[in-house]
Structure formats: C-alpha cells, structure tokens
Amino acid sequence: MSTYSPTILIVDDESHVRSLLRKTLTYLECEVVGEANSGHEAVLKYHELRPDLVLLDHNMPYKTGEEALTEIVNADPRANIIILSSVTDPAGEQRCLRIGAKAFMRKDQPLEKIMDTIKDALAKIREKAEADAADDRQE
C-alpha cells in the first residue's frame, strides 16, 4: 500500500473557493502545501513549492490563470495544472489545454464531477510517483 500523498497548490482569488477545494483535497488524502490568490503569486509559489498538482483559477485580476499557466509550463513543462473557471469559455479552454493544462473544469459543476477530475489527475501523478520510486529501488 502506498503512503504517497500528492502535494497541491490552490490558486483562486476567492477565499471561499480555496476553502472548499482545501476540504475536498483533504478528503482525497492530499497535502495542500500552499494557497495563492493571484496569478503572480501562483507563479512564485509554484517555483518555491514545486507541488505535484496546481488547481488554478482562470479568471483573476492582474495576471490571469492563463498567463500564470504559460509562465509555469514554460519553466517546467512537466507541471500538472488543472484550470478552474466560473464561466463558459470554449476558446479559453482550448488555449489552456494547448498551453499544457491537464484539464479545464467549471467551478459550478457538481462536487462529484470536480472530485472525479481531480482524482483522475491524482491517479496519474501517483502512478508516476510509484513508477519513479520503483526505478529508484532498482538503481
């Protein structure tokens, strides 16, 4: 049985959204290592914390989630980022996925659907971490 607990950075300019996500991630046995309330802070915290997954709001003042996504992925193409949005924006969704987001989800979806998207991303992260650990043991 694995004891790996993925590390998560939550980025949203609305504190109630960050709180809900923190509770959801705790339920999913993740370690929330940081929170940010702007795209600028997201970039700084990503480089400081190097989390396994970032939940990044698309619409924020000063630096958008899309701009932060671009900066993070340019610096670390292996970054795992899920974009969250409160509005329907098919063009923005496609841009974010092309830039490197692993998923794009609406904040107003049922909590179960949000959890499923996060669980899918976490399963891939856990799989990679376990494979890397097995490789390390073989060396």
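## Cysteines

Cys30 is buried, with a relative accessible area of 9%, and Cys96 counts as buried as well, at 0% relative accessibility; here buried means under 20% relative accessible area, exposed over 50%, and partly exposed in between, with a 1.4 Å probe and protein chains only. A search of the whole structure finds 0 disulfides, a disulfide being a pair of cysteine sulfur atoms within 2.5 Å.

This is a predicted model, in which local features need pLDDT of at least 70 and side-chain atom pairs count only at pLDDT 80 or more, whereas totals for chains, interfaces and linings use all residues. Residues are numbered from 1 along each chain as its sequence is written, and side-chain values use heavy atoms, with hydrogens and water left out.

## The sheet

An open sheet is formed by 5 strands in the order E2-E1-E3-E4-E5, with parallel pairing. Helices (H or I, at least four residues) and strands (E, at least two) are DSSP runs, numbered from the N terminus, and two strands pair if DSSP finds at least two bridges between them. Strand E2 (31–36) and strand E5 (103–106) stand at the edges with a single partner strand each, so one side of each is left without a neighbour in the sheet. On average, and with direction ignored, neighbouring strands of this sheet are turned by 20° against each other.

Within the sheet, strand E3 (residues 53–57) pairs with strand E4 (residues 81–85) in the parallel sense over 4 bridges, and Leu56 stands opposite Ile83 in E4.

## Helices on the sheet

Helix H2 (residues 39–49) lies across strand E1 (7–11), E2 and E3, and runs at about 145° to E2. Helix H4 (residues 90–99) packs on the sheet, where it touches E4 and E5, and its direction makes about 150° with that of E5. Contact means heavy atoms within 4.5 Å, while axes are lines fitted to C-alpha atoms, for helices over the stretch in contact, and angles run from 0 to 180 degrees between N-to-C directions.

## Exposed residues

Most residues other than glycine have a negative phi. Glu29, in the loop between helix H1 (15–27) and E2, has a positive phi of about 65° although it is not a glycine, and counts as exposed at 59% relative accessibility. Tyr62, in the loop between E3 and helix H3 (65–75), has a positive phi of about 75° and is exposed, with a relative accessible area of 83%.

Glu112 is found in helix H5 (residues 111–138) and is exposed, with a relative accessible area of 54%.
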